[in-house]
Amino acid sequence: TDQCILGTVPAGCAADADAALKLAKEAQPAWAKVPSSERAKVLTQLAEVCRGCRDELIDSLCKEQAKVKSLATVEVDCMAIYFERHAAMAHSYEGEIVQSDNVGEMIYVHYAPIG
């Protein structure tokens with residue numbers, strides 16, 4: 001590689017990371033209350049952004065990690081597919097009903113958003 005600078009970011013410290021994590025934790029309960037169909041729209045938009053920046057993302061991976069273009073292409077394309085796949089899950093009903101060891105009792109497993 002040619003050792004060129006691909007970009008810069010501001011310096012951060014542990015306190016900056018702690019502050020960001022604190023804010024994310026505080027925001028999560030409100031995000032969890034957003035209907036899954038609305039959260040899915042965000043994931044779909046992320047997929048669209050990935051595809052819109054596809055060539056730039058592929059080029060960045062090649063330069064930053066010295067990846068061959070074919071591998072970088074697969075990674076970028078799969079990233080968009082994963083966002084869409086998880087968006088589609090918002091329209092399916094997932095969960096489990098498990099028989100309990102207690103007579104007449106069933107256990108309902110519900111999946112809640114955590115991020």
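Where is the place of Ala66? I find Ala66 in the loop between α3 and α4. Helices here are DSSP runs of H or I with at least four residues, strands are E runs of at least two, and both are numbered from the N terminus.

**Ground rules**

I'm working with a predicted model, where local features need pLDDT of at least 70, side-chain atom pairs count only at pLDDT 80 or more, and totals for chains, interfaces and linings use all residues. Residues are numbered from 1 along each chain as its sequence is written, and side-chain values use heavy atoms, with hydrogens and water left out.

**Confidence**

I looked up pLDDT, the predictor's confidence in each residue on a scale from 0 to 100. The chain averages 90, and 98% of the residues score at least 70. Confidence is highest in α4, at a mean of 96, and lowest in strand β1 (residues 96–99), at 86.

**Helix α3 and what follows**

Helix α3 covers residues 54–65, which is 12 residues. I get 16 Å from its first C-alpha to its last, close to the expected 16 Å at 1.5 Å a residue; the expected span is 1.5 Å times one less than the number of residues.

Back to Ala66, which comes just after α3. Its phi is positive, about 55°, although Ala66 is not a glycine. Is Ala66 buried or exposed? I noted it as exposed, because its relative accessible area is 52%. My cut-offs: buried is under 20% relative accessible area, exposed is over 50%, and partly exposed is in between (1.4 Å probe, protein chains only).

Glu56 counts as exposed because its relative accessibility is 55%.

**Salt bridges**

How many salt bridges does a search of the whole structure find? I count six, taking a salt bridge as a side-chain nitrogen of Lys or Arg within 4 Å of a carboxyl oxygen of Asp or Glu. Side chains of opposite charge can pair when their charged atoms come close.

Arg54 with Asp77: the closest N and O atoms are 2.7 Å apart. Arg54 lies in helix α3 and Asp77 in helix α4, so this pair ties together parts that are 23 residues apart in sequence. Both ends are partly exposed, Arg54 at 30% relative accessibility and Asp77 at 27%.

Lys63 with Asp59: I read 3.2 Å, N to O. Both residues lie in helix α3, four residues apart, about one turn of the helix. Lys63 is partly exposed at 44%, and Asp59 is partly exposed at 37%.

Lys22 with Glu26: here N to O is 2.7 Å. This pair sits in helix α1, again with a spacing of four residues, about one turn. Lys22 is exposed at 52%, whereas Glu26 is partly exposed at 47%.

A reminder to myself on that spacing: an α-helix has 3.6 residues a turn, so residues three or four places apart point the same way.

**Thr73**

Which residues does Thr73 touch, not counting those up to four places away in sequence? I find Arg54 and Ile58, with contact meaning heavy atoms within 4.5 Å. Thr73 is in helix α4 (residues 69–88). I logged Thr73 as buried because its relative accessibility is 18%.

**A surface patch**

Trp31, Val42 and Leu46 form a nonpolar patch on the surface, about 210 Å² of accessible area together. Areas are from the Shrake-Rupley method with a 1.4 Å probe, and for residues only the protein chains shown count as cover. Patches take residues with over 30% relative accessible area and no salt bridge, joining like charges within 9 Å and nonpolar side chains (Val, Leu, Ile, Met, Phe, Trp, Tyr) within 5 Å. Leu46 is in helix α2 (residues 36–52) and is partly exposed, at 35%.

**Last check**

Pro29 lies in helix α1 (residues 14–33) and is partly exposed, with a relative accessible area of 44%. Its C-alpha is 30 Å from that of Gln99, 70 residues apart along the chain.
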